[in-house]
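Visitor: Please show me the model, and then take me through its surface and its fold.

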Amino acid sequence: MSGLVIVVEDEDQVRLALVSLLQSAGYKVQDFASGTEFLNSTMPQTPACLLLDMQMPDTTGMDIIEQLTSTESRMPVIFITGHGSIPLSVQAMKSGAREFLTKPVCPDALLTAVAEALASDQANLQHRIEQSELVSRYNSLTPREQQVLEFIIGGLLIKQIAAELAVSEITIKVHKKQIMTKMRTKSVTDLVRITERLHIAQARGR
């Protein structure tokens, strides 16, 4: 079997059982004991799916899927929960979950869901790689360059940005050149498209 299965489950016994089942089926598995630990990890660059506990002490499965959606991650999510209900499953599906399974999870149902999720993620992989690259470019900007970027995509001219930040126009021109280089863009229009994908808010002058 190809692909990575990410297991996020706070109950050690349940998590280890899921990891064992998936590894026995030939999958590569990465597991986390908390949602926070997972969110602080690097997104995979291979076909992957997320096996996600709905209720955890530090964060809920719904919170995690909302954060993934905000970053345009299209990794398929399979929810597992010990407190299944029709309203909860409907909410999960509306949030973008691919499957909703209740504990104790049927091994065959889980493996079927995982196989289908990984097959669908093959098409999403290129998008995720591109998104990760855009995030890396943005993170390479200094805090001041990120600030100037927000003014640029807000439509302010060089002299207006200089006035807002109380610096010279030459300084802003240098920042803009660095921004365009680091973001690998040739026009402000391209820059706006990238920032829209990254959900970066515009900064507007007074």
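Guide: This is a predicted model, where local features need pLDDT of at least 70, side-chain atom pairs count only at pLDDT 80 or more, and totals for chains, interfaces and linings use all residues. Residues are numbered from 1 along each chain as its sequence is written, and side-chain values use heavy atoms, with hydrogens and water left out.

Visitor: What share of the accessible surface of the chain belongs to carbon and sulfur atoms?
Guide: Accessible areas come from the Shrake-Rupley method with a 1.4 Å probe. The surface of the chain comes to about 10,900 Å². The part that belongs to carbon and sulfur atoms is 53%.

Visitor: Which strands stand at the edges of the sheet?
Guide: Strands (DSSP runs of E, at least two residues) are numbered from the N terminus, and two of them pair if DSSP finds at least two bridges between them. The open sheet has 5 strands with parallel pairing, in the order β2-β1-β3-β4-β5. Each edge strand has a single partner, so one side of it is left without a neighbour in the sheet; these are β2 (28-32) and β5 (99-102).

Visitor: What angle does helix α1 make with β2?
Guide: Helices are DSSP runs of H or I, at least four residues. Axes are lines fitted to C-alpha atoms, for helices over the stretch in contact (heavy atoms within 4.5 Å), and angles run from 0 to 180 degrees between N-to-C directions. Helix α1 (residues 12-24) lies across β1, β2, β3 and β4 (77-81), and its angle to β2 is about 170°.
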